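Dear colleague,

Please find below the structure that I am handing over to you. My findings follow directly after it.

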Amino acid sequence: MNRQEVGLKAEEMLNELADQTRMGDEIWRYIYSDTEKKGKKIIRQWMEALGLLVIEDQIGNLIARKEGKSKETIVIGSHMDTVKDGGKYDGAGGIVIGLLALKELIESDETFDKSIEIIAFTEEEGSRFLSGYLGSKNLVGKITQLELNDTDSDGISLKEAMISNGYDPEKLPKEKRRDVAAYLEVHIEQGPVLETLRHDIGIVESIVGIRAFDITIKGRQDHAGTTPMDIRLDPVYAASKFISETTDYVRRLSKTATFTIGAMSVLPGVSNVIADSTNFSIDLRDRSEEDLVNVTDRIYESLGSLEEQGYAVTIKLLCAEEPVDLDSRLSDFMYDKSQNLGLRTMKMVSGAGHDAQIIAPHIKTGLIFVPSVKGRSHSSDEYTKSYDLGNGVLLLATILKEMLQGEFDV
Ligand code: HGY
Ligand code: MN
Ligand code: MN
């Protein structure tokens, strides 16, 4: 395989997918959006060009399959959705690398002991439904009422969105697929470690746990000029104090925890009015479940004390994923394969969430990182060099060949 050529082909495919699925000048694909539908058409063409049988599952994941001698299946893939104003590589990079690795294997005309599927998962990011990871949750039968009742910014529930897009919530599986022997995902690192340490490949050993909240603090709307400072119930002031105190607390508690307020709004949002309410998101992550619980308790405590001061506080827990260790035998096997290919390889922890994290507790899972230039991601500056995309294809094809031929007994 000519790594450079394959890497350039991957880059060309990612450019096409990005350019065809912009909303205005932003890349944004979310579940059942027109841009996701357009993206699916492109990915389906790529899958069908490999001669694969392509179907959609109960929630809208795109699944392409090549039968092997046995029904036991190796699944590869990643997510086809993006964050709002996202990059070209997050998710889609793993789908394209998977397709090009599969193309190498199909062209080598081998018949495989196991079957193989490549899946383009929907709504990993949760940019429409904040519970997120919906496609991979469907693979393991973990879509519950919590997800089905989750509502988007227009108040439409996932259940209603499924029905209006022709999917039947009643048909969602209640348990994991029994025929999947292993899941492998290639993903951009979305951080600076591989580039800084000048490595080609990261083999992920564990993925941080995540807690996502939606918080509303309601105070008392008043005149900005005539209301003395000491009798105000200003929700923006209360929120800012909570955010800075909790940020400092997280910094003191752990070197690996992250606490992010990515979205914030103020109502009625007028400069000469003390706000009625403020609404904001919390994204809390750490590799230690104990520290996640510790900070979560602190969040409830701090916001609870605002109620005693007269504020009304609503806390919605949107997503709670535990830290996950990936299969060590599979990681060791992938590490060795990567080293044998002459790729500078290191083991690492993922600070980003992935479909792999949802699947890992139920199915043997491996996660491979390729470098992100300057560690940038969830931004239009996201970039991975074609050379590194080519390495991802080479490594995945090498690993898959052994797994499909039963030389690595999953
Ligand atoms: O938020 C994350 O880490 C992932 O991109 N969903
Ligand atoms: Mn992402
Ligand atoms: Mn991702």
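In what follows, the donors of a metal are N, O and S atoms within 2.8 Å of it; water is not among the atoms, so sites may look incomplete. Please also bear in mind that this is a predicted model.

**The two manganese ions**

With that cut-off, the protein donors of the manganese ion (ligand 2) are Asp 90 (OD), Glu 125 (OE) and His 378 (NE2), at 2.0 to 2.1 Å. Along the sequence, these donor residues follow the spacing D-x34-E-x252-H. Asp 90 is located in the loop between E5 and H3, and Glu 125 in the loop between strand E6 (115-121) and helix H4 (134-139), so this pair ties together parts that are 35 residues apart in sequence.

The manganese ion (ligand 3) is coordinated by His 79 (NE2), Asp 90 (OD) and His 187 (NE2), at 2.1 to 2.2 Å. Here the spacing of the donor residues reads H-x10-D-x96-H. His 79 belongs to strand E5 (residues 73-79), while Asp 90 is in the loop between E5 and helix H3 (92-107); the two are 11 residues apart.

Which residue coordinates both the manganese ion (ligand 3) and the manganese ion (ligand 2)? Asp 90 does, and the two ions are 3.4 Å apart.

As for burial, the cut-off is a relative accessible area under 20%. His 79 counts as buried because its relative accessibility is 0%. Asp 90, with a relative accessible area of 4%, is buried as well.

**Ligand 1**

- Arg 285 places a polar side-chain atom 2.6 Å from an oxygen atom of ligand 1.
- Gly 353 has a backbone N or O atom 2.7 Å from an oxygen atom of ligand 1.
- His 378 has a side-chain N or O atom 3.1 Å from an oxygen atom of ligand 1.

On its own, ligand 1 has 210 Å² of accessible area, of which the protein covers 90%.

**Aromatic rings**

The count of aromatic pairs comes to 7. One of these is formed by Phe 333 and Phe 408, which are stacked, with 4.0 Å from centre to centre and 15° between the planes. Phe 333 lies in helix H10 (residues 328-340) and Phe 408 in the segment after helix H12 (386-404), so that the pair links distant parts of the chain, 75 residues apart. Phe 333 and Phe 408 are both buried.

The charged end of Arg 298 is over the ring of Tyr 249, at 4.3 Å from the ring centre. Over the ring of Tyr 335 sits the charged end of Lys 347, at 5.4 Å from the ring centre.

**Lys 142**

Is Lys 142 buried or partly exposed? With a relative accessible area of 42%, Lys 142 is partly exposed. This residue is found in the loop between H4 and helix H5 (145-149). Lys 142 and Phe 129 are separated by 13 residues in sequence and by 15 Å in space, C-alpha to C-alpha.

With kind regards

Note on methods: Residues numbered from 1 in each chain as written. Chains lettered and ligands numbered in written order. Predicted model: local features only at pLDDT ≥ 70, side-chain atom pairs only at ≥ 80, totals over all residues. Heavy atoms only, no water. Donors = N, O, S within 2.8 Å, 3.2 Å for Na, K, Ca; no water. Helix = DSSP H or I, 4+ residues; strand = E, 2+ residues; numbered from the N terminus. Buried < 20%, exposed > 50% of the residue type's maximum accessible area, 1.4 Å probe, protein only. Phe/Tyr/Trp six-rings, centres within 6.5 Å; stacked < 30°, edge-to-face > 60°. Lys NZ or Arg CZ within 6 Å of the ring centre and 35° of its normal. Polar contact = N/O pair within 3.5 Å; in protein donor to acceptor, adjacent residues only side chain to side chain. Areas by Shrake-Rupley, 256 points an atom, 1.4 Å probe, with all protein chains shown as cover.
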